[in-house]
Amino acid sequence: MISNKSIDSQDDYPTIKIGLIAGSGELPLILANQIKKEKLELIIISLIKDDRKGLQSIADKFYVFDLGQVQTIMDTLILEGVQQLFMIGKVGKEIIFDRARLDSKARAILARLNDKDDNAIMKAI
């Protein structure tokens, strides 16, 4: 059977799933808008519980987790089939010192670090 679809049709290519872990500020919304302009599937995990209706309305799927829920975040990204991941926006480090809010995966990552500065934490993640 001959298809009427053009070879260049985007339906002929698999959808790339983009993950965006969003902190606070305007940068996550700016990046999310750009990703959607590219017609890519967007999975957003917000680390901020404040009003995120702008991000939520853009996302194909939207989740809110605490920064310390590292294993849950990783499991969600894998379950959603995310192929590329961006982390953008401000996230306070205060949670590092609140061990009660960290899951076992987050505690294990932090335990391996000699330095707990921003650069070391980002490399470990």
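Guide: What follows is a close look at one helix, then at the parts around it.

This is a predicted model, where local features need pLDDT of at least 70, side-chain atom pairs count only at pLDDT 80 or more, and totals for chains, interfaces and linings use all residues. Residues are numbered from 1 along each chain as its sequence is written, and side-chain values use heavy atoms, with hydrogens and water left out.

Start with the whole chain. It has five helices and four strands. Helices (H or I, at least four residues) and strands (E, at least two) are DSSP runs, numbered from the N terminus. In order from that end, the elements run β-α-β-α-β-α-β-α-α. Of the 125 residues, 31% count as buried. Buried means under 20% relative accessible area, exposed means over 50%, and partly exposed lies in between, with a 1.4 Å probe and protein chains only. Among contacts with a separation of 6 or more, 57% join residues 24 or more positions apart. A contact means heavy atoms within 4.5 Å.

Which residues of α1 are buried? They are Pro28, Leu31, Ala32 and Ile35. They cover an arc of only 100° around the axis, so they sit on the same side of α1. The arc is that of the directions from the helix axis to the C-beta atoms. On the other side of α1, Ile30 and Lys37 are exposed. The buried residues pack against β1, β2, α2 and β4.

Look at Ala32 in α1. Its relative accessibility is 0%, so it counts as buried. Setting aside neighbours within four places in sequence, Ala32 is in contact with Leu20, Leu42, Ile44, Leu55 and Ile58. Ala32 and Leu20 are 12 residues apart along the chain, and their C-alpha atoms are separated by 7.6 Å. Leu31 has its own partners. Beyond four places in sequence, Leu31 is in contact with Leu20, Phe86 and Ile88.

The largest nonpolar core has 11 residues, including Leu31, Ala32 and Ile35. Ile18, Leu20, Ala22, Leu42, Ile44, Leu55, Ile58 and Ala59 belong to this core too. Such a core is a set of buried Ala, Val, Leu, Ile, Met, Phe, Trp, Tyr and Cys residues joined through side-chain atoms within 4.5 Å. Elements giving two or more residues to it are β1 (17-22), α1 (27-37), β2 (41-46) and α2 (53-58).

Step across to Ile44, in strand β2. At 0% relative accessibility, Ile44 is buried. Not counting residues up to four places away in sequence, Ile44 touches Leu20, Ala22, Ala32, Leu55, Ala59, Lys61, Phe62 and Tyr63. Ile44 and Gly19 are 25 residues apart along the chain, with C-alpha atoms separated by 5.8 Å.

Next, follow the chain out of α1. Lys39 lies in the loop between α1 and β2. Most residues other than glycine have a negative phi. Lys39 is also exposed, with a relative accessible area of 61%.

Another loop residue gives a contrast. Glu80 lies in the loop between α3 and β4 (84-88). At 6% relative accessibility, Glu80 counts as buried. Residues up to four places away aside, Glu80 touches Lys17, Ile43, Lys61 and Tyr63.

The buried residues of α4 are Ala106, Ile109 and Leu110. They fall within an arc of 95° seen down the axis, so they line one face of the helix. The face turned away from that buried side carries the exposed residues Ser104, Ala111 and Arg112. Helix α4 (residues 104-112) also packs with helix α3 (residues 70-79), at an angle of about 110° and with axes 6 Å apart. Axes are lines fitted to C-alpha atoms, for helices over the stretch in contact, and angles run from 0 to 180 degrees between N-to-C directions. The two helices are therefore roughly perpendicular. Angles under 35 degrees count as roughly parallel, over 145 as roughly antiparallel, 65 to 115 as roughly perpendicular, and the rest as oblique. Val70, Gln71 and Met74 in α3 meet Lys105, Ala106 and Ile109 in α4.
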